[in-house]
Amino acid sequence: MGKLRRIGILGAGNVGSHCGFSLALQGEADEIVFVDIKKEKAEGEALDLRDALPFLPHRVRVWAGSVDDFKDSDIVIVAAGPLPRPDQDRLDTLGETLQAFGDTIPSIVRAGFDGIFLCISNPADVIADYVRKASGFPKNRVFSTGTSLDSARLKRILSRDTGIDVKSIYAFSMGEHGGSQMIPWSQVSIGNKPINEFFKERIDSLGAFDTEAILEETRFAGYSVLTGKGSTEFGISNAATDIVKAILHDEKRILPVSPLLEGEYGVFGVHASVPAVIGKRGVEEIVQMKLSEKELKEFQHSCELIKRHIDLVSELIRGGN
């Protein structure tokens, strides 16, 4: 019998619990362990998920535990911290999220965990940087889901506007998982046709290609969900499961995630979303595309905003000491 695939989930709130359900539903984990500062919440989510298992085709062991249970995990999904309110930017939750972590990340490492940290907690890019530094892990094994969800939303919007199924649309956003993200339109295609050409050929039926309106809707799509239901759950949990699958199956798939950049696109020392090859070692390669001068400036501007908040984390930590 091969090694069981264990996924640890730090934080059993709306996002963490839905990650567990998505992993179980898609059969991408043999063992799922929830850890939360509110033990009764983790126990309740584990029990609820166990109640769903008789209706699923896959056998999964699910329980609520402690960071010691992360020792044999392949991946720990970091989902602790508050959800942003509709009137907040994701970056506004930084202080609360850091407070929720406390000494948790070093404790996970001390427990013997030696896998991959996949960060969801917002602000995702900044928290990925914090987790990498707090764990001491190499850069390939700590990254965030970044703009994976934003890119799915972009495809949804383009599918709506063009009538083409999302699976035939190649599109993603880059930079911050937040309001400063950008879309490299020079790299977006429908089928194998550049999107500008696609719209130009259908100007009579589709109208003008409004890149600014699409970018604005993509940037703030999450807040439409927050306003309607108070939290985002389904999209982000499936984005995380998609990345977990790429790791566990060594798929070598190119996905938009947020790893540490060390010179790529002219950016140093910042976690920001870029297309990357995802496999069993985590981020195995950062794909460098030829962006236009305007696109590169937009990407670097987004990275500058992330960098300011990474520096703020250092200040908060020093202040706490």
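User: How do you know that helix α1 lies across strands of the sheet?

Analyst: Contact here means heavy atoms within 4.5 Å, and helix α1 (residues 14-25) lies across β1 (6-10), β2 (31-35) and β4 (75-78). Helix α1 runs at about 175° to β2. Axes are lines fitted to C-alpha atoms, for helices over the stretch in contact, and angles run from 0 to 180 degrees between N-to-C directions. Helices (H or I, at least four residues) and strands (E, at least two) are DSSP runs, numbered from the N terminus. Helix α5 (residues 124-135) lies across β5 and β6, at about 170° to β6.

User: What sort of model is it, and what counts?

Analyst: It's a predicted model: local features need pLDDT of at least 70, side-chain atom pairs count only at pLDDT 80 or more, and totals for chains, interfaces and linings use all residues. Residues are numbered from 1 along each chain as its sequence is written, and side-chain values use heavy atoms, with hydrogens and water left out.

User: What makes β3 and β6 edge strands?

Analyst: The sheet is open, with 6 strands in the order β3-β2-β1-β4-β5-β6 and parallel pairing. β3 (61-64) and β6 (142-144) each pair on one side only, and that makes them the edges. On average, neighbouring strands of this sheet are turned by 20° against each other, direction ignored.

User: How do you know that β5 pairs with β6?

Analyst: Two strands pair if DSSP finds at least two bridges between them. β5 (residues 116-119) is joined to β6 by 3 bridges, so the pair passes that cut-off. The two strands run parallel, and L118 stands opposite F143 in β6.

User: How many bridges does β4 have to β1, and how many to β5?

Analyst: β1 and β4 pair in the parallel sense over 4 bridges, with I9 opposite I77 in β4. β4 and β5 also pair in the parallel sense over 4 bridges, and there I75 stands opposite I116 in β5.

User: Why are both faces of β4 called covered?

Analyst: Look at the side chains on each face. I75 and I77 on one side and V76 and V78 on the other are all buried. Buried means under 20% relative accessible area, exposed means over 50%, and partly exposed is in between (1.4 Å probe, protein chains only).

User: And N238, what makes that one partly exposed?

Analyst: N238 has a relative accessible area of 36%, so it falls between the 20% and 50% limits. N238 is found in helix α11. Leaving aside neighbours within four places in sequence, N238 is in contact with S22 and Q26.

User: What makes the largest nonpolar core a core?

Analyst: A nonpolar core is a set of buried Ala, Val, Leu, Ile, Met, Phe, Trp, Tyr and Cys residues joined through side-chain atoms within 4.5 Å. The largest one has 80 residues, and those with the most contacts inside it are L10, I32, I77, F117, I278 and F299. Its largest share, 7 residues, comes from helix α11 (residues 234-248). Apart from this core lies another, of 15 residues, among them L158, I169, A171 and W185. In general terms, nonpolar side chains tend to be buried together in soluble globular proteins.

User: Which residues does L10 touch?

Analyst: Not counting residues up to four places away in sequence, L10 touches a list including V35, F70, V76, I77, V78 and F101.

User: Which strands does α11 lie across?

Analyst: α11 lies across β10 and β13, running at about 140° to β10. Those strands belong to an open antiparallel sheet of 3 strands, in the order β10-β13-β14. β10 (253-257) and β14 (282-286) are the edges, each pairing on one side only. Neighbouring strands here are turned by 50° against each other on average, direction ignored. β13 (residues 274-279) is joined to β14 by 4 bridges, and A276 stands opposite I286 in β14.

User: Why is the chain called as compact as a globular protein of that length?

Analyst: The chain has 12 helices and 14 strands. Its radius of gyration is 19 Å, close to the 20 Å that the globule rule gives for 321 residues, so the description holds. The radius is taken over C-alpha atoms, and the rule is 2.2 Å times the number of residues to the power 0.38. Buried residues make up 54% of the 321.
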